[in-house]
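Please look over the sequence and the structure below before reading on.

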Amino acid sequence: MPDMEQDGSRRRGRNETEEERADRMWTELIQEVRVAQMGVQILFGFLLTVVFTPTYEDLSGTDKTIYIVTVVLGACATGALIGPVSLHRLVSGRLIKPQAVRWASRLTLLGLALLLVTTSSSLLLILRVATHDDYVPYLVTGVVCWYLLCWFGLPMWARHRHTTR
């Protein structure tokens, strides 16, 4: 039996080669990206329509600035979350799937971070316009903390607690 470490097909915990692992991880990543893409595309589409409503002109200068920043963040989040699809298409068949999975994973994490900021700034804008109350920043901060806990805190805790080195 040949040495599996020498031919690059070292087996891992699931008894899979590096290529098999990359295929599995790619499939899982794309399923995750689909969920995030749906959210960011709906939010971004909604944001694009706001400027064409009659009430846009009634927004304060600060609210218009928040809106512009939010739209740009939404565009960036959309780009990062669609990026893995383009990456896969352009490198498919080039025998670099493990590297492509790593890059796509990084793009996805960046996209999630941008989606968090986009969603948070959207919430800030909506609550500022809807309430004009001083408690809005505190409410948004609470929601951001919730996002951080759900999207990053709990997964990082689970990763640290339940994986071996």
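Which residues make a nonpolar surface patch of about 360 Å²? The patch is made by Y135, Y138 and L139, where a patch is built from residues with over 30% relative accessible area and no salt bridge, like charges being joined within 9 Å and nonpolar side chains (Val, Leu, Ile, Met, Phe, Trp, Tyr) within 5 Å. A salt bridge is a side-chain nitrogen of Lys or Arg within 4 Å of a carboxyl oxygen of Asp or Glu, and accessible areas come from the Shrake-Rupley method with a 1.4 Å probe, with only the protein chains shown counting as cover for residues.

This is a predicted model, in which local features need pLDDT of at least 70 and side-chain atom pairs count only at pLDDT 80 or more, while totals for chains, interfaces and linings use all residues. Residues are numbered from 1 along each chain as its sequence is written, and side-chain values use heavy atoms, with hydrogens and water left out.

Y135 counts as partly exposed because its relative accessibility is 42%; buried means under 20%, exposed over 50%, and partly exposed in between (1.4 Å probe, protein chains only).

In helix α3 itself one finds T108, which counts as buried because its relative accessibility is 7%. Leaving aside neighbours within four places in sequence, T108 is in contact (heavy atoms within 4.5 Å) with L29, V33, L81 and P84. A polar atom of the T108 side chain also lies 2.8 Å from the backbone oxygen of A104.

Aromatic rings are a further topic. Rings of Phe, Tyr and Trp (its six-membered ring) pair if their centres lie within 6.5 Å, and planes under 30 degrees apart count as stacked, over 60 as edge-to-face and the rest as tilted. By this rule the count comes to two aromatic pairs. The rings of Y56 and Y67 have centres 5.4 Å apart and planes at 65°, so this pair is edge-to-face. It links distant parts of the chain, with Y56 in the loop between α1 (18-50) and α2 (61-91) and Y67 in helix α2, eleven residues apart. Y56 is buried at a relative accessible area of 10%, and Y67 is buried at 6%.

The rings of Y147 and W151 have centres 5.0 Å apart and planes at 10°, so that pair is stacked. Because they are four residues apart in helix α4, Y147 and W151 are separated by about one helical turn. Y147 counts as buried at 17% relative accessibility, whereas W151 counts as partly exposed at 29%.

How values were computed. Helix = DSSP H or I, 4+ residues; strand = E, 2+ residues; numbered from the N terminus. Polar contact = N/O pair within 3.5 Å; in protein donor to acceptor, adjacent residues only side chain to side chain.
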